[in-house]
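Subject: Structure for you to look through

Hello,

I am passing on the structure that we talked about, and I would be glad if you kept it open while reading the notes below it.

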Amino acid sequence: MVLLYNSSLQKATFFLTGFQDLEKFHGWISIPFCSIYLIVILGNLTILHVIRTDATLHEPMYYFLAMLALTDLGLCLSTLPTVLGIFWFDAREIGIPACFTQLFFIHTLSLVESSVLLSMSFDRYVAICNPLRYSTILTSRRIVKMGLSSVLRSALLILPLPFLLKRFHYCRSHVLAHAYCLHLEIMKLACSSIIVNHIYGLFVVACTVGVDSLLIFLSYTLILHAVLGKASRQERLRALNTCISHICAVLLFYIPMIGLSLVHRFGEHLPRIVHILMSYVYLLVPPLMNPIVYSIKTKQIRQRIIKKFEFVK
């Protein structure tokens, strides 16, 4: 690809990729993707609507669930334009500003989701281990502060990435392997040393996802210790049942992330289609499954959704 220069400013265009060698089937491939995006949008909007309109759900647990739904919705919308643009219109070109903006939102919202999952684990810890102080610890003001701190931490840590990428000259192929922009993939196209980006990327992952996952594990260790100390089997099952939805959400987030990391690190011999599918699983499965899991496993949410549909009928 050719780089165009205007004065001292370097301008470049990246080229996104759908399913390589399957371009003639992009119309058919777009059908399941459209269905997934539609389910993600409707599912998360339903969760948000139910929580907003039902006063009985104005509790810390459901506020955190609303944060998770809002994050999943944003993550879905940040990839939707380029993914469907390729499948429907073969719109593969994306300018550097648009690419870096998309990159910022994808990575920021991924870190926000990790933070929200940590906040939800803290909510479950307080509810089970210190139920008498639940309402005094998790006040509305504190919940707002937790939500804002999650967004600020993620945004401030990701903000340097576009500037670190902007300083590079991209003299290699400008073809990206996915239908959206990711930091790891773009920096590999640079001509100069990318050691600073590597180190900073590892630092961001370690102090966000790494710390969050350890604290989530610690919270569930304390929860399990408290549950096993309960007198009756029925009490233990009731306490654990309130955590099942959150445990599913944690697994839906971290398993695809670990799988994608392993594929990137050790899967060079694997077919390209495996890399592409794993990236879509990482970005689309959590937003797709979280509303379904919470609708099925959380009795209050399920009852309110059924009630809403009965009212519409």
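Predicted model: local features only at pLDDT ≥ 70, side-chain atom pairs only at ≥ 80, totals over all residues.

Residues are numbered from 1 along each chain as its sequence is written, and side-chain values use heavy atoms, with hydrogens and water left out.

Helices

Helices here are DSSP runs of H or I with at least four residues, numbered from the N terminus, as strands are runs of E with at least two. Helix α1 covers residues 26-53, and its 28 residues reach 40 Å from the first C-alpha to the last, close to the 40 Å expected at 1.5 Å a residue; the expected span is 1.5 Å times one less than the number of residues. Among the buried residues of α1 are His26, Phe33, Tyr37 and Ile51, where buried means under 20% relative accessible area, exposed over 50%, and partly exposed in between, with a 1.4 Å probe and protein chains only.

Helix α10 has 23 residues and reaches 32 Å from its first C-alpha to its last, close to the 33 Å expected. Its buried residues, including Phe253, Pro256 and Leu260, pack against α2 (60-89), α3, α8 and α11.

The axes of helix α8 (residues 195-228) and helix α10 (residues 244-266) come within 13 Å and cross at roughly 140°; these axes are lines fitted to C-alpha atoms over the stretch in contact, and the angles run from 0 to 180 degrees between N-to-C directions. The contact, meaning heavy atoms within 4.5 Å, involves residues of α8 including Leu202, Asp212 and Tyr220, and residues of α10 including His246, Met257 and Arg265. The residues of this contact divide into 8 nonpolar, 2 polar and 2 charged, where Ala, Val, Leu, Ile, Met, Phe, Trp, Tyr, Cys and Pro count as nonpolar, Asp, Glu, Lys and Arg as charged, and the others, Gly among them, as polar.

Cysteines

The structure holds 1 disulfide, a term used for a pair of cysteine sulfur atoms within 2.5 Å. Cys99 and Cys181 form this disulfide, with their sulfur atoms 2.0 Å apart, and with -125° about the S-S bond the link is left-handed. Cys99 lies in helix α3 (residues 96-129) and Cys181 in the loop between α6 (160-166) and α7 (183-187), so the pair ties together parts that are 82 residues apart in sequence. Cys99 is buried, with a relative accessible area of 0%, and Cys181 also counts as buried at 0% relative accessibility.

Cys129 is in no disulfide, and the nearest cysteine sulfur, that of Cys243, is 8.9 Å away. Cys129 counts as partly exposed at 29% relative accessibility, whereas Cys243 counts as buried at 1%.

Two serines

Ser279 lies in helix α11 (residues 272-297) and counts as buried, at 2% relative accessibility. Not counting residues up to four places away in sequence, Ser279 touches His178, Tyr180 and Leu260. Ser213 lies in helix α8 and counts as partly exposed at 28% relative accessibility. The C-alpha atoms of Ser213 and Ser114 are separated by 8.0 Å, although these residues are 99 residues apart along the chain.

Best wishes
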